[in-house]
Amino acid sequence: MSKPASSAVDKALDLIEALARSDRPLRLSELAGEVGLHRATAYRVLIDLIRRGWVLRTDDHYLLGAAALQLSHSAAHNSLVAVARPMLEALSERTGMMVNLQVLEADHSRVIDVVRPPRLEMINHLRDEMLPVHRFAGPVALVALLDKDARRPYLRLAEEAGHPLTGPEGLLADIEQAGRTGYAFERGRAEQLVASVSRAVVSAKGWPICALTLVGLGAEFDEPHLSELKRQLRDATDALQESLTGLSSMPQADPA
């Protein structure tokens, strides 16, 4: 056990370093014990680190967040990317599609990992890119799980870009459909011949942890193939949720 941190910066760095050393997500009590802080103190510091993207919370466990991934490849080894990477690779192998992993930031989502098969090299992988909610399926799947107040920064960005919010073609209809079905789908918004379908990994309390998105040529997203892609995506997101939280998703009907 390390000595108590002497400043707010020390406390924050001690917590980040403890997460980087760990080979699994840690509980609050484990983290506090590792760095020699009271639970309440560790929790207060973690809240700030989560807000800034340095730490990701999955129910009662913590792991390194997107900001740490950008800073260090060694940090990424014990991060969400490391946990999710085998599932991205397996999902891409099963479907033949590009698969990306996204997390929410202040008013976009960010792509933090990608598996792209050689046949789709003509499609931009978007790794480390910030994606607006009005153009991509991933942020729609994530924003659909937020309450109305939390959605505002994402919707404001769409309004500023001139994208309609209301009406049958509006963004709110897409978000509501994603919230109702669990899947977000887009075709041709980011690239004319490209389509994608996304599903969020959800905590036990109902907030979004991350999203997996299948990306490919638009012609390959017609039915009945789209329903099969959704089934594969559901299985992968359920497996990732269980790895991150220890919880299985409730049984669902096959996607239509």
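## Confidence of the model

pLDDT is the predictor's confidence in each residue, on a scale from 0 to 100, and a contact means heavy atoms within 4.5 Å. The model is a predicted one. Across residues 1-5 the pLDDT remains under 50, and for this stretch the model has 13 contacts beyond four places in sequence. Where pLDDT is low, the predicted coordinates should not be read in detail.

The average pLDDT of the protein is 89, and 90% of the residues score at least 70. Among the elements, the lowest mean pLDDT, 50, belongs to helix H5 (residues 73-76), whereas the highest, 98, belongs to helix H7 (residues 137-143).

An open sheet is formed by 3 strands in the order E1-E3-E2, with antiparallel pairing. Strands E1 (26-27) and E2 (55-58) each have a single partner strand, so one side of each is left without a neighbour in the sheet.

E1 is joined to strand E3 (residues 61-64) by 2 bridges, and these two strands run antiparallel. Leucine 26 stands opposite tyrosine 62 in E3. Helix H1 (residues 8-21) lies across E1, E2 and E3, and H1 runs at about 90° to E3.

## Alanine 150

Helix H8 (residues 148-160) contains alanine 150. With a relative accessible area of 33%, alanine 150 is partly exposed, because that value falls between the 20% limit for buried and the 50% limit for exposed.

Alanine 150 and aspartate 107 are 43 residues apart in sequence; their C-alpha atoms are 9.7 Å apart in space.

Methods:
Residues are numbered from 1 along each chain as its sequence is written. This is a predicted model: local features need pLDDT of at least 70, side-chain atom pairs count only at pLDDT 80 or more; totals for chains, interfaces and linings use all residues. Side-chain values use heavy atoms; hydrogens and water are left out. Helices (H or I, at least four residues) and strands (E, at least two) are DSSP runs, numbered from the N terminus. Buried means under 20% relative accessible area, exposed over 50%, partly exposed in between (1.4 Å probe, protein chains only). Two strands pair if DSSP finds at least two bridges between them. Axes are lines fitted to C-alpha atoms, for helices over the stretch in contact, and angles run from 0 to 180 degrees between N-to-C directions.
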